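Visitor: Could you take me through this model, starting with the terms you will rely on? I would like to ask questions as we go.

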Amino acid sequence: MKHYVQYGCGFSAPAGWVNYDASPTLRIEKIPFLGQLYKKNIQRFPTNVRYGDIIAGLPENEDSCDGLYCSHILEHLSYDDFNKALANTYKLLKPGGLFRCVVPDLKSAAENYLESFEQYPNPASEFLKATMLGKRHRDTSLRGLIKYSMGNSEHLWMWDQKSLIFELQQAGFKSCRPCCFNDSADEIFKHVEEAGRFENAVAIECTK
């Protein structure tokens, strides 16, 4: 039986996939009894979502996955953590297994910034808001520091097509190609992909 893993799944946890997320909220929700009382999210994680962090390594055997998928996750990692995530992804794939990843396109954002430069009185602010690279306010209170250490909403390192393919190849991946929504030869990826996530994004399919 084939084995497919998605990490950073959020609330999208389709059947046929083993779905992981590293959200601290999910970890709290998984605590018996206490998790049922936790009301931070109106929408709760589906019951089939497992807690797992691709940086530390998922609880999966090496060379066990026929396919791996992540969407709008890698840009939230620091550069070093990004490379750890790629290394761990590579370890999990079977030889010939498929990895598909989607990230916001930095090149597209930069082009939009330049094209619309004259339209805004403060174009730098518009660019930083659009790319989630800027921070308008830094809460230095204890509560703010705890929230920051547990959260992961900012974009820490963004990618364009050329750069992402380069890093994937450095990690050992082969046959790296730009891909589109639902264009994989393995149709099970249709269950996990969302069209909106491919807009203004870079999507790459590659193999081990």
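Guide: Let me begin with burial: a residue is called buried when its relative accessible area is under 20%, exposed when that area is over 50%, and partly exposed in between, using a 1.4 Å probe and protein chains only. This is a predicted model, in which local features need pLDDT of at least 70 and side-chain atom pairs count only at pLDDT 80 or more, while totals for chains, interfaces and linings use all residues. Residues are numbered from 1 along each chain as its sequence is written, and side-chain values use heavy atoms, with hydrogens and water left out.

Visitor: OK, then take Pro-14: buried or exposed?

Guide: Pro-14 is buried, with a relative accessible area of 15%, and its place is the loop between β1 and β2. Helices and strands here are DSSP runs numbered from the N terminus, helices being H or I of at least four residues and strands E of at least two.

Visitor: And which residues does Pro-14 touch?

Guide: Leaving aside residues up to four places away in sequence, Pro-14 touches Gln-6, Asn-19, Asn-48, His-191 and Val-192, where contact means heavy atoms within 4.5 Å. Pro-14 and His-191 are 177 residues apart along the chain, yet their C-alpha atoms are separated by 6.3 Å.

Visitor: What about Phe-11, where is that one?

Guide: Phe-11 is found in the loop between β1 (4–7) and β2 (18–21), and it is partly exposed, with a relative accessible area of 35%.

Visitor: Stepping back, how many helices and strands does the protein chain have?

Guide: The protein chain has 7 helices and 7 strands, and read along the sequence they follow the pattern β-β-α-α-β-β-α-β-α-α-α-α-β-β. Of its 208 residues, 40% count as buried, and the chain exposes about 12100 Å², of which carbon and sulfur atoms supply 54%; accessible areas come from the Shrake-Rupley method with a 1.4 Å probe, and for residues only the protein chains shown count as cover.

Visitor: What share of the contacts comes from residues 24 or more positions apart?

Guide: Among contacts in the protein chain with a separation of 6 or more, residues 24 or more positions apart account for 75%.

Visitor: Now helix packing: at what angle do α4 and α5 pack?

Guide: Helix α4 (residues 106–115) packs with helix α5 (residues 123–131) at an angle of about 155 degrees, and their axes are 10 Å apart. Axes are lines fitted to C-alpha atoms, for helices over the stretch in contact, and angles run from 0 to 180 degrees between N-to-C directions. The two helices α4 and α5 are therefore roughly antiparallel to each other, given that angles under 35 degrees count as roughly parallel, over 145 as roughly antiparallel, 65 to 115 as roughly perpendicular and the rest as oblique.

Visitor: Which residues meet there?

Guide: On the α4 side, Leu-106, Ala-109, Ala-110 and Tyr-113 meet Pro-123, Ala-124, Phe-127 and Thr-131 in α5. The residues of this contact divide into 7 nonpolar, 1 polar and no charged, where Ala, Val, Leu, Ile, Met, Phe, Trp, Tyr, Cys and Pro count as nonpolar, Asp, Glu, Lys and Arg as charged, and the others, Gly among them, as polar.

Visitor: And how do α3 and α7 pack?

Guide: Helix α3 (residues 79–92) and helix α7 (residues 161–170) pack at about 55 degrees, with axes 10 Å apart, and they are therefore oblique to each other. Tyr-79, Phe-82, Asn-83 and Leu-86 of α3 make the contact with Leu-164, Glu-167 and Leu-168 of α7, a set that divides into 5 nonpolar, 1 polar and 1 charged.

Visitor: Last topic, backbone: what is phi of Ser-175?

Guide: Phi of Ser-175 is near 50 degrees, a positive value in a residue other than glycine; Ser-175 sits in strand β6 and is exposed, with a relative accessible area of 59%. Phi of His-72 is also positive, near 55 degrees, and His-72 is found in the loop between β4 (65–71) and α3.
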